[in-house]
Amino acid sequence: MGSAPSKTTQAARAEQRESEKASYESRELVQSLANLKLSAPLSTDGALSLSNVEAWEEAVAQSPKLQLARTILNHTNIREVLTSRAARIADAHVFNTELDFKTGPITSQKSSGRCWLFATTNVLRYSVMKKLNLSDFQLSQSYLFFWDKLNKSNYYLELSIENADRPIDDRLVYYLADELISDGGQWDMAVNLLETYGVLPQPVYPESTHSSFSSPINTLLKTKLREHALILRDLSQKLRADASLSADAVLKTLRAKKEELLKEVYVVMSATLGVPPRPDDKFTWDYYDKDGKAGTWTGTPREFYKAFAYDKYSPADSFSLINDPRNEYGKLYTVDKLGNLWGGRPVLYVNTEIENLKQAVVKQIKAGHPVFFGCDVGQFSDRDAGVMDTALFEYEATFDIKFGLSKADRLRTSESSMTHAMVISGVHLDPSSGRPVRYKVENSWGDAVGARGYFVMSDAWFEQFVYQVVIPKALAPKELVKVFESGEKQVLPPWDPMGSLA
């Protein structure tokens, strides 16, 4: 029988194995770092090390450009000092293809998130002003705002009833309670309002303090609606515990309670925004046309909408094209739990290549039709100059950095989403190729910004930060109309970036 190895021998073998393992791991690390052209980490545990700062300082010290940047940029606005002169020259407010009819005045949504309603009414007023020979006109944005806000309150409470059996900390319940009555909206939500309530001239239902400055009433209404949601959840639990009540009786009882609670919302809104005409209430509007001739019109908001707000292309017969590179093109998408009128038209998007959005714009402008579109307006834009251009700021050259996110990456990482809706009223086409170079944008931030309220958008910016273009079916490619009319939609979760409201 052989003798057992001594403890000293066992320890030596274990030490050798550890040494071999460490050597292997060291070679593996060296190879991994070499493959990626990286140096060994200075921090062994992942914490920020002062050695990192020292190394970075040494690198900056070797760069005269970065030293100069430090001298200048610590006491100046980087957006002002790093604005590209070449981009500003290229982004001229000149367009060789524009709508043949000019509207006015430039509108202002002021301190509110109503851009989608302003974009919608700015599209519709082209038809109104043409038909009535007007030089100056606005539809009432606050009229649509009132009915949208009241309906969104109802929508949230219906969702609260629908999801009353979910835990209060469920992700969906929590998300809905956070995003319950945003000022923002989408094209299909605007269509719901137009078809249900119609429109009317702004003098008939003018702006109020809190249509232009919505934060105070939003805060108040959100507080009450969250309270209402809890009341309905508690009542739902009690009613469902009663075996004598059918599901239909439970639902009708909850809706009766909901309507009682909504009265509080209506009281707040009607006091702060004013009592709006009902869609079938008659009103009389007196006006001057562009020749100074007095006119008068009597009718209801629904009648005004049908008589004046569109000509060949009804808003109800228009739909949204989107460019979302995360998802498959040629498909119809919707966002779960997104809407304003309960039981109304859902928010629908046909996802397609960016070139189709560009051509949709060009075709509509040539047809004399203004274009509603949604974008991420805060990206690489100058509000005062009215310029949106990916080359507007010299960040990369100044800081020795590169922006590597694709459009899909920005959506995946919450870097970008639709934040603003505006109207395209012109495009500059390259004379030789016929391709878009830049676009004329009618904003709703007043006439003190941009070129008297108009912005210019480069084609490169369009590619990266425009997500939506609305187009009438009559002007859209037939294959995309077919996708829209199929009704075969894929449902995105409520928190998807395509659910963000302009």
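The model is predicted, so local features need pLDDT of at least 70 and side-chain atom pairs count only at pLDDT 80 or more, while totals for chains, interfaces and linings use all residues. Residues are numbered from 1 along each chain as its sequence is written, and side-chain values use heavy atoms, with hydrogens and water left out.

Let's start with a pair of helices. Helices here are DSSP runs of H or I with at least four residues, strands are DSSP runs of E with at least two, and both are numbered from the N terminus. Helix α2 (residues 50–61) and helix α3 (residues 64–73) have axes that come within 6 Å and cross at roughly 100°. An axis is a line fitted to C-alpha atoms, for helices over the stretch in contact, and angles run from 0 to 180 degrees between N-to-C directions. The two helices are therefore roughly perpendicular to each other (65 to 115 degrees; under 35 counts as roughly parallel, over 145 as roughly antiparallel, and the rest as oblique). On the α2 side, E57, V60 and A61 meet L66, Q67 and R70 of α3, where contact means heavy atoms within 4.5 Å. Sorted by type, the residues of this contact are three nonpolar, one polar and two charged. In that sorting, Ala, Val, Leu, Ile, Met, Phe, Trp, Tyr, Cys and Pro count as nonpolar, Asp, Glu, Lys and Arg as charged, and the others, Gly among them, as polar.

Next comes helix α7 (141–162). Its 22 residues reach 31 Å from the first C-alpha to the last, close to the 32 Å expected at 1.5 Å a residue; the expected span is 1.5 Å times one less than the number of residues. Of the 22 residues in α7, 21 are buried, so the helix is largely enclosed by the rest of the structure. Buried means under 20% relative accessible area, exposed means over 50%, and partly exposed is in between, with a 1.4 Å probe and protein chains only.

Leaving out residues up to four places away in sequence, K149 touches I181, S182, D183, N218, L221 and M269. With N218, the K149 side chain makes a side-chain polar contact of 2.9 Å. A polar contact is a pair of N or O atoms within 3.5 Å; within protein, one must be able to donate a hydrogen and the other to accept it, and residues adjacent in sequence count only if both atoms are side-chain atoms. K149 and N340 are 191 residues apart along the chain, yet their C-alpha atoms are separated by 8.1 Å. N154 is also found in α7 and counts as buried, at 16% relative accessibility. Apart from neighbours within four places in sequence, N154 is in contact with K258, L262 and W342.

The buried residues of α11 include N218, L221, H228 and R233. Its buried residues pack against α7, α8 (171–178), α10 (209–212) and α12 (247–273).

S140, in the loop between α6 (115–132) and α7, is buried at 2% relative accessibility. A polar atom of the S140 side chain lies 2.7 Å from the backbone oxygen of Y205. Beyond four places in sequence, S140 touches L200, P201, Q202 and Y205. Q364, in helix α14 (residues 354–366), is buried too, with a relative accessible area of 1%. Here a polar side-chain atom lies 2.9 Å from the backbone oxygen of V470. Among the contacts of Q364 beyond four places in sequence are H369, P370, V470 and L475.

Finally, the backbone. Most residues other than glycine have a negative phi, and most peptide bonds are trans. The peptide bond from G104 to P105, however, is cis, with omega near 0°. P105 is in the loop between β1 (97–98) and α6, and K110 is in that loop as well. K110 is not a glycine but has a positive phi of about 55°, and at 57% relative accessibility K110 counts as exposed. R452, in the loop between β11 (436–442) and β12 (454–458), has a positive phi near 55° and is exposed at 67% relative accessibility.
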